[in-house]
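Hi,

Here is the structure I promised to pass on. Have a look at it first, and then read my notes below.

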Amino acid sequence: MNKIRNFCIIAHIDHGKSTLADRLLEYTKTVEGKDLQAQVLDNMDLERERGITIKSHAIQMEYMYKGEKYILNLIDTPGHVDFSYEVSRSIAACEGALLIVDAAQGIQAQTISNLYMAIDNDLEIIPILNKIDLPSAMPEEVEDQIIELLGVKKEEIIRASGKTGEGVYDILDAIIERIPAPEGDPEAPLQALIFDSVFNSFRGIIAYFKVVNGSLRKGDLVKFINTGKEYDADEVGVLKLNMSPRDEVQCGDVGYIISGIKTSKEVKVGDTITHVKNPANKAIAGFEEVKPMVFAGVYPIDSEDFEDLRSSLEKLQLNDASLTFQPESSVALGFGFRCGFLGLLHMEIIQERLDREFNMDVITTVPNVSYIVHDKKGNKKEVHNPAGLPDPTLIDYIEEPYIRASVITSTTYIGPIMTLCLGKRGILIKQEYISGDRVEIIYDIPLGEIVIDFYDKLKSISKGYASFDYHMHDYRESKLAKLDILLNGESVDALSTLTHVDNAVTFGRRMCEKLKELIPRQQFDIAIQAAIGAKIIARETIKAVRKDVTAKCYGGDISRKRKLLEKQKEGKKRMKQVGNVEVPQKAFLAVLKLD
Ligand code: GDP
Ligand code: MG
């Protein structure tokens with residue numbers, strides 16, 4: 001056990017975690033030859049295409065140090081703020097962390113937030129100055145930032161490049177020298193902490209765990225403490241590039257178990273596995289339950305797919321503990337689910353995964369945050385959908401969630417960033433110089449404003465030189481009004497939003513204009529109206545078309561005609577009939593696209 005090291009890699013997005021992980025796998029000969037493709041651990045197609053890590057990945061390596069063989073368990077983590085719950089879970093399975101800082105970018109918002117998480121979990125931190133090969137690298141300056149942030153000595157910082165391989169052996173040595181071996185008692189009753197799980201269509205449900213005390217053998221009868229369910233450990237093993245079965249997984253190890261788990265509800269990330277005979281008397285303190293902050297309706301395009309959608313969401317939830325869902329119905333869209341996400345990127349990823357992994361075509365509606373509604377009788381309730389708001393005359397006041405946001409940027413962009421935050425109803429809390437011309441600005445902002453288009457705007461006004469991180473802060477009373485959209489006089493519940501009363505009229509107008517662009521012309525006029533209560537505050541009309549699009553082809557060119565028809569069909573895929581109007585998916589997300 002003193003030959004085991006469990007560590008994770010934390011960094012701001014794009015600072016080179018996955019690339020450095022590749023080098024570690026290569027230099028320890030864990031992955032060789034044909035398997036050596038870039039970012040090996042990002043094995044979801046979606047991760048590879050987008051070049052981002054969504055899931056944490058665990059892999060075991062072996063490394064010879066001073067003539068002795070060590071086992072290194074690496075857990076790669078995502079960097080985007082929406083996925084920080086993945087980081088927090090990985091951290092719980094480790095004793096150390098490689099903190100990577102891009103030598104050209106310096107310390108960024110998620111460098112700091114991930115670092116705090118690692119410190120809170122008492123991890124040994126090895127600072128690494130990465131991308132040292134870049135001509136734009138500023139090693140001295142960024143080293144100073146690291147020294148200031150961590151209070152370490154200059155000599156403790158390892159200069160490295162995931163591209164050239166410089167410094168990789170130094171990192172491997174430092175992992176062994178500086179990160180403590182896992183503690184824990186190999187003789188004590190088994191306690192293994194589940195930190196992730198996944199559904200595999202061939203193998204069923206697989207749970208990943210770290211053995212904190214005791215050990216687990218193939219064939220053992222085990223119990224999941226929180227759910228109380230018992231299983232035979234049909235297969236246990238460690239995580240190499242693929243799963244690698246073992247007779248025993250020992251104290252301190254990271255491993256997996258396949259045990260005839262039937263439904264996703266049985267595996268709770270954060271649960272503890274123990275033996276049925278000689279059980280541990282208590283569970284390990286698990287993780288904080290993540291609380292989704294952004295909600296949206298997810299509806300099958302074809303209403304017959306409702307049950308399939310439910311089972312797909314259940315399977316996805318297994319691999320993504322932060323996803324929540326509850327059945328709901330919409331007059332416009334039929335039966336679907338209200339899903340909770342950690343942010344917009346998360347929502348987008350879930351929609352993509354439903355499509356790719358489960359072949360589910362869905363419509364997602366305008367996202368909103370969760371509100372606390374206080375009625376005049378003194379009751380309060382949490383509302384996840386503007387359509388579920390009680391009658392306005394019964395409402396005393398509404399509270400909305402505020403986040404505390406940290407933006408790190410250079411002084412050049414402070415002006416425009418402050419204007420942006422102010423426009424989003426932000427309140428400046430403080431402004432602090434980090435080093436040189438780098439500033440950290442802290443704002444309290446309603447989450448509902450961030451959800452819409454804050455991140456893209458921030459990126460564009462700062463030309464990418466601003467990083468952003470946030471955490472939930474509190475709920476505050478706000479003057480919010482429900483804005484309804486009517487199509488040909490019929491209110492479309494899936495398009496309702498809550499907006500601040502001061503912005504309601506402008507907002508309603510922009511919604512109508514945008515919907516006019518997004519809803520295709522049909523064979524009759526379509527009136528688009530925005531209303532608050534009974535009061536119409538904006539209106540647009542989509543004029544009718546009465547043209548056969550294939551008429552242009554003069555009958556001669558059959559293949560062209562067919563192509564046109566197919567194109568039309570394709571366009572229909574993500575459409576929903578609302579009353580007599582066909583509304584495309586894009587329109588349900590119009591609010592995200594207002595300029
Ligand atoms: P992650 O988001 O932290 O996992 O970062 P990635 O490993 O995906 O790397 C982000 C980008 O930086 C990719 O385009 C990499 O090719 C590039 N990159 C990573 N490490 C280095 C390095 O040491 N030097 C240079 N020049 N580029 C690097
Ligand atoms: Mg990555």
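Strand 1 and strand 4 (residues 96–102) run parallel and are paired over five bridges. Two strands count as a pair if DSSP finds at least two bridges between them, and the strands themselves (E, at least two residues) and helices (H or I, at least four residues) are DSSP runs numbered from the N terminus. Look for Ile9: its bridge partner in strand 4 is Leu98.

Before you go further, keep in mind that this is a predicted model, where local features need pLDDT of at least 70, side-chain atom pairs count only at pLDDT 80 or more, and totals for chains, interfaces and linings use all residues. Residues are numbered from 1 along each chain as its sequence is written, chains are lettered from A and ligands numbered from 1 in the order in which they are written, and side-chain values use heavy atoms, with hydrogens and water left out.

Back to strand 1 (residues 4–11): how many of its residues are buried? Eight of its eight residues are, where buried means under 20% relative accessible area, exposed over 50%, and partly exposed in between (1.4 Å probe, protein chains only). In a regular strand, side chains alternate between the two faces of the sheet. Here both faces are covered, with Ile4, Asn6, Cys8 and Ile10 buried on one side and Arg5, Phe7, Ile9 and Ala11 buried on the other.

Now for the ligand. Ligand 1 is surrounded by 15 residues, and the closest are Asp14, Lys17, Thr19, Asp133 and Gly162; a residue counts as near if one of its heavy atoms lies within 4 Å. Helix 1 (residues 17–27) gives the largest share of this shell, three residues. By type, the shell has two nonpolar, eight polar and five charged residues.

What holds a polar backbone atom 2.8 Å from an oxygen atom of ligand 1? Asp14 does, and a polar backbone atom of Lys17 is also 2.8 Å from an oxygen atom of the ligand. On the nitrogen side, a polar side-chain atom of Asp133 lies 2.7 Å from a nitrogen atom of ligand 1. On its own, ligand 1 has 580 Å² of accessible area, and the protein covers 79% of that (Shrake-Rupley method, 1.4 Å probe).

Tyr433 stands opposite Val439 in strand 26. This hairpin has two residues between its strands, and Gly436 there takes a positive phi near 55°.

Most residues other than glycine have a negative phi. Lys131 is not a glycine, yet its phi is positive, about 60°. You'll find Lys131 in the loop between strand 5 (124–130) and helix 5 (139–150), and it is partly exposed at 23% relative accessible area. Asn488, also not a glycine, has a positive phi of about 45°. Asn488 sits in the loop between strand 28 (480–487) and strand 29 (490–491) and is partly exposed at 31%.

Last, the cysteines. The structure holds zero disulfides, a disulfide being a pair of cysteine sulfur atoms within 2.5 Å. For Cys251, the nearest cysteine sulfur is that of Cys94, 15 Å away. Cys251 counts as buried because its relative accessibility is 4%, and Cys339 counts as buried because its value is 0%.

Cheers

Terms used:
A polar contact is a pair of N or O atoms within 3.5 Å; within protein, one must be able to donate a hydrogen and the other to accept it, and residues adjacent in sequence count only if both atoms are side-chain atoms. Ala, Val, Leu, Ile, Met, Phe, Trp, Tyr, Cys and Pro count as nonpolar, Asp, Glu, Lys and Arg as charged, and the others, Gly among them, as polar.
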